Amino acid sequence: QVQLVESGGGLVQVGGSLRLSCALSERSFKSYAMGWFRQAPGKEREFVAAVTRSGTSTYYADSVKGRFTISRDNAKNMVYLRINSLKAEDTAVYYCAADGRLRVGLTPGEYEYWGQGTQVTVSS
């Protein structure tokens, strides 16, 4: 079945940067819209960013717009999340998700496949 593996998380200082990566073990990677979500302790999982199957359109939560950049490389079956100007409130487990439906989903329930997450901890 479809498997996703996130990497790139870690402990960083406020103002620092990270690049998260997600590898999709699926030969039809380009048929999936891809999204990033995050979940902090005691909070609901929230939408962060999404990219269409072609990679030509992107969507961002207001809280990360201007600081986060989602991109994909269909030839490598990879999706990335570049995080700049990290804030303490960015601390969370970040999840990569895949959605095979026609329209890009902005909620967790719209995604069928999920990775196990990668921890991002921002020290203040």
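Residues are numbered from 1 along each chain as its sequence is written, and side-chain values use heavy atoms, with hydrogens and water left out. Because the model is predicted, local features were taken into account at pLDDT of at least 70 and side-chain atom pairs at pLDDT 80 or more, whereas totals for chains, interfaces and linings use all residues.

A search of the whole structure returned 6 aromatic pairs, where rings of Phe, Tyr and Trp (its six-membered ring) pair if their centres lie within 6.5 Å, and planes under 30 degrees apart count as stacked, over 60 as edge-to-face and the rest as tilted. In the pair of Phe37 and Tyr111 the ring centres are 5.1 Å apart and the planes stand at 75°, so the arrangement is edge-to-face. Phe37 belongs to strand β4 (residues 33-39) and Tyr111 to the loop between β9 (92-99) and β10 (113-114), so this pair ties together parts that are 74 residues apart in sequence; strands (E, at least two residues) and helices (H or I, at least four residues) are DSSP runs, numbered from the N terminus. Phe37 is buried at 0% relative accessibility, and Tyr111 is likewise buried at 5%, where buried means under 20% relative accessible area, exposed over 50% and partly exposed in between (1.4 Å probe, protein chains only). Tyr111 also pairs edge-to-face with Trp114, at 6.2 Å centre to centre and 65° between the planes, and Trp114 is partly exposed at 23%.

One aromatic cluster is formed by Phe37, Phe47, Tyr95, Tyr111 and Trp114.

Beyond its neighbours within four places in sequence, Val79 is in contact (heavy atoms within 4.5 Å) with residues among them Leu20, Cys22, Met34, Trp36, Ile70 and Cys96.

The structure contains 1 disulfide, defined as a pair of cysteine sulfur atoms within 2.5 Å, and this bond joins Cys22 to Cys96 with an S to S distance of 2.1 Å. Cys22 lies in strand β3 and Cys96 in strand β9, so the link ties together parts that are 74 residues apart in sequence. The link is left-handed, with -85° about the S-S bond, and both Cys22 and Cys96 are buried.

Of the two arginine sites, Arg53 is found in the loop between β5 (46-51) and β6 (58-60) and is partly exposed at 33% relative accessibility. Arg67, in the loop between β6 and β7, is buried with a relative accessible area of 10%, and a polar atom of the Arg67 side chain lies 3.2 Å from the backbone oxygen of Ser63.

Terms used. A polar contact is a pair of N or O atoms within 3.5 Å; within protein, one must be able to donate a hydrogen and the other to accept it, and residues adjacent in sequence count only if both atoms are side-chain atoms.
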